Amino acid sequence: MGSSIPPADALKNIADTLGVSSDALLNDETVAIKDKELLKKFEAIQEMSEEDKALVTRFLDLTIRDFNARKAYK
């Protein structure tokens, strides 16, 4: 089965209505982040150098580990 892409203006309207980017509509990957501010931050991280991404990822890993530890002991 073939695929069809609507005109750019229709694609933008669909994306705006759904609260996602046009790229998200054209991409096969599904993003499950509903918090728009958090999603913007992750989009910014994608633009960073590998070194900066590694630093941010390390910080996130530590923060998530601490959150899970606090949650487990409540």
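**Salt bridges and a nonpolar patch**

Let me start with one residue. Lys53 is partly exposed, at 24% relative accessibility. Its partner is Glu50, and the two form a salt bridge. The closest N and O atoms of that pair are 3.3 Å apart. Glu50 counts as exposed, because its relative accessibility is 59% and the cut-off for exposed is over 50%.

Where do Glu50 and Lys53 lie? Both are in helix 4, residues 50-72. They are three residues apart, about one turn of the helix.

Before going further, a word on confidence. This is a predicted model. The protein averages a pLDDT of 82. Of the residues, 85% score at least 70. Confidence is highest in helix 4, at 92. It is lowest in helix 2, residues 22-26, at a mean of 76.

How many salt bridges does the structure hold? Three.

Next, helix 3, residues 36-46. Glu37 and Lys40 both lie there. They too are three residues apart, about one turn of the helix. They form a salt bridge, with the closest N and O atoms 3.5 Å apart.

Then Arg65 and Asp66. This pair forms a salt bridge as well, and here the closest N and O atoms are 3.0 Å apart. Asp66 is partly exposed, at 34% relative accessibility.

The general point behind such pairs is simple. Side chains of opposite charge can pair when their charged atoms come close.

Now the nonpolar side. Which residues make the nonpolar surface patch? Ile14, Leu18, Val20, Leu25 and Leu26. The patch covers about 400 Å². Two helices matter for the count here: helix 1, residues 8-18, and helix 2 each supply at least two residues of the patch.

Take Leu25 as the example. Leu25 lies in helix 2. Its relative accessible area is 31%, so Leu25 is partly exposed. Patch residues need over 30%, and Leu25 has 31%. Keep the confidence in mind when you look at this part: helix 2 has the lowest mean, 76.

To close, the picture in brief. There are three salt bridges. There is a nonpolar patch of about 400 Å².

Terms used. Residues are numbered from 1 along each chain as its sequence is written. This is a predicted model: local features need pLDDT of at least 70, side-chain atom pairs count only at pLDDT 80 or more; totals for chains, interfaces and linings use all residues. Side-chain values use heavy atoms; hydrogens and water are left out. A salt bridge is a side-chain nitrogen of Lys or Arg within 4 Å of a carboxyl oxygen of Asp or Glu. Helices (H or I, at least four residues) and strands (E, at least two) are DSSP runs, numbered from the N terminus. Buried means under 20% relative accessible area, exposed over 50%, partly exposed in between (1.4 Å probe, protein chains only). pLDDT is the predictor's confidence in each residue, from 0 to 100. Patches are made of residues with over 30% relative accessible area and no salt bridge: like charges are joined within 9 Å, nonpolar side chains (Val, Leu, Ile, Met, Phe, Trp, Tyr) within 5 Å. Accessible areas come from the Shrake-Rupley method with a 1.4 Å probe; for residues, only the protein chains shown count as cover.
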